Amino acid sequence: MLQALRFLYDYNTWAMQRVLDAAGRLRLQQFVAGQDGHEAIRDVLVHTVWAQLIWLERCRGASPAAFWQPGDFPYVATLAARWRAVDTATHTYLDTLTDDDLERVISYQNFAGETWRYPVWQALLHQANHAQQHRSEAALLLTHAGSSPGSLDLLVYEDERAARTGG
């Protein structure tokens with residue numbers, strides 16, 4: 001399970017970078033404003049990065065109490081810098097885990113004050129799946145704005161990784 005989670009999060013890093021690269025090709029207005037009744041690309045991506053941080057914090061025993069505000073990220077570069085820090089912290093956390101750690105049950109309070117409990121492995125899988133959903137939404141918005149991130153398929157990532165590493 002630990003090997004699979006690390007692979008999945010490596011894939012998530014690759015996919016998110018592709019989406020952020022595509023967002024970086026937009027005009028500022030395309031990034032920060034909604035399109036045709038849809039949420040702004042920035043807002044979707046801010047939520048995606050924030051959710052990764054909140055699940056990391058929950059796994060580490062904290063229950064953050066504040067949402068990130070999209071307006072705090074006026075540019076793609078601002079969000080990309082924050083994402084790199086969150087992603088680095090996520091990978092550092094994953095590198096510390098053992099198989100036994102994955103079975104540890106975390107407990108946290110959500111924003112409605114409700115208490116929830118899940119094993120670490122479920123929380124990490126949930127976050128990765130949640131990120132995939134929102135990256136897909138962002139990819140559709142980016143494509144409509146004329147800046148597709150290209151294929152975000154897991155096996156495309158694996159083929160590119162294998163070509164880079166020779167394996």
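These entries record what I looked up on the core, the cavity and the aromatic pairs of a predicted model.

**Conventions.** I number residues from 1 along each chain as its sequence is written. Local features need pLDDT of at least 70 and side-chain atom pairs pLDDT 80 or more, while totals for chains, interfaces and linings use all residues, and side-chain values use heavy atoms, without hydrogens and water.

I then checked Leu-45: beyond its neighbours within four places in sequence, Leu-45 is in contact (heavy atoms within 4.5 Å) with residues including Met-16, Phe-31 and Ala-138.

**Aromatic pairs.** I found 11 pairs in the whole structure, counting Phe, Tyr and Trp rings (for Trp the six-membered ring) with centres within 6.5 Å; planes under 30 degrees apart are stacked, over 60 edge-to-face, the rest tilted. The Tyr-11 and Trp-14 rings have centres 5.9 Å apart and planes at 35 degrees, so I logged the pair as tilted. Both residues are buried. For Trp-50 and Phe-111 the centres are 5.7 Å apart and the planes at 35 degrees, so this pair is tilted. Trp-50 is buried at 8% relative accessible area, whereas Phe-111 is partly exposed at 34%. I also noted that ring pairs link Phe-7, Tyr-11, Trp-14 and Tyr-157 into a cluster.

**Cavity.** The lining of the largest cavity includes Tyr-9, Trp-55 and Gln-127; a cavity here is a set of points on a 1 Å grid over the protein atoms alone where a 1.4 Å probe fits but cannot get out, and lining residues have an atom within 4 Å of a point.

Conventions: 1 Å grid on protein atoms, 1.4 Å probe; cavity = no way out; pocket = protein on both sides within 12 Å on 5 of 7 lines; lining within 4 Å. Buried < 20%, exposed > 50% of the residue type's maximum accessible area, 1.4 Å probe, protein only.
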